[in-house]
Amino acid sequence: MTTHVDFVAILFIVWGALTALVGVSTLALGVGAVSLATSATSGRHVAAGLTAAVFITLAVIAIVWGVGHVCIGIPLRKRSPRARLLAILAGSIDLLLLPVGTPLGIYALWVLLNERGKALFGVRYS
């Protein structure tokens, strides 16, 4: 089970880095839309402004979600009980993120809620 926990931690770090990278690229699109909104003539500045707001909002969410996964994955490799709880929470939310988040969430929940997985973090329930 040690290998599974390490693998979940690595998957969290990789998933977080890729999500943050997507967030940064989306932020670049948002900045481009802002430049279009400020230079657009007639009625186009409204559409470009709305597009910029949506892109920037999604970018911030993706960056925060990605950095959060990295910040959970690193202490998860060190068997931190708090990181385990945060990974269960993030894995539960990942279930909604098709197509990659769903298998990651299922695998993370299976590993971290398994009795042998709990034992690695010093969790004992009767």
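Arg 79 is found in the loop between H2 and H3. In this predicted model, Arg 79 has a positive phi of about 65 degrees, although the residue is not a glycine. Most residues other than glycine have a negative phi, and most peptide bonds are trans. Pro 99 lies in the loop between H3 and H4.

Helix H3 covers residues 81–94. The helix has 14 residues, which at 1.5 Å a residue should span 20 Å, and the end C-alpha atoms are 20 Å apart, so the two values agree. The expected span is 1.5 Å times one less than the number of residues. Which residues of H3 are buried? They are Ala 83, Arg 84, Ala 87, Ile 88, Ala 90, Gly 91 and Asp 94. The buried residues of H3 pack against H1, H2 (44–77), H4 and H5 (115–120).

The aromatic side chains come next. A pair of aromatic rings is described by the distance of the centres and the angle of the planes. Rings count as a pair if their centres lie within 6.5 Å, and by this rule there are two aromatic pairs. In one of them, the rings of Phe 7 and Tyr 107 have centres 5.9 Å apart and planes at 70 degrees. Planes over 60 degrees apart count as edge-to-face, so the pair of Phe 7 and Tyr 107 is edge-to-face. This pair links distant parts of the chain, since Phe 7 is in helix H1 (residues 2–39) and Tyr 107 is in helix H4 (residues 101–113), 100 residues apart.

The rings of Tyr 107 and Trp 110 also pair, with centres 6.2 Å apart and planes at 25 degrees. Planes under 30 degrees apart count as stacked, so the pair of Tyr 107 and Trp 110 is stacked. Tyr 107 and Trp 110 are three residues apart in helix H4, which means a separation of about one helical turn. The ring pairs link Phe 7, Tyr 107 and Trp 110 into a cluster. Trp 110 is partly exposed, with a relative accessible area of 45%, and Phe 7 is partly exposed at 42%.

Phe 7 also takes part in a nonpolar surface patch of about 460 Å², together with Ile 10, Val 14, Leu 18 and Leu 21. Of these residues, Leu 21 has its place in helix H1. Is Leu 21 buried or exposed? Leu 21 has a relative accessible area of 56%; over 50% counts as exposed, so Leu 21 is exposed.

Definitions and conventions
Residues are numbered from 1 along each chain as its sequence is written. This is a predicted model: local features need pLDDT of at least 70, side-chain atom pairs count only at pLDDT 80 or more; totals for chains, interfaces and linings use all residues. Side-chain values use heavy atoms; hydrogens and water are left out. Rings of Phe, Tyr and Trp (its six-membered ring) pair if their centres lie within 6.5 Å; planes under 30 degrees apart count as stacked, over 60 as edge-to-face and the rest as tilted. Helices (H or I, at least four residues) and strands (E, at least two) are DSSP runs, numbered from the N terminus. Buried means under 20% relative accessible area, exposed over 50%, partly exposed in between (1.4 Å probe, protein chains only). Contact means heavy atoms within 4.5 Å. Patches are made of residues with over 30% relative accessible area and no salt bridge: like charges are joined within 9 Å, nonpolar side chains (Val, Leu, Ile, Met, Phe, Trp, Tyr) within 5 Å. Accessible areas come from the Shrake-Rupley method with a 1.4 Å probe; for residues, only the protein chains shown count as cover. A salt bridge is a side-chain nitrogen of Lys or Arg within 4 Å of a carboxyl oxygen of Asp or Glu.
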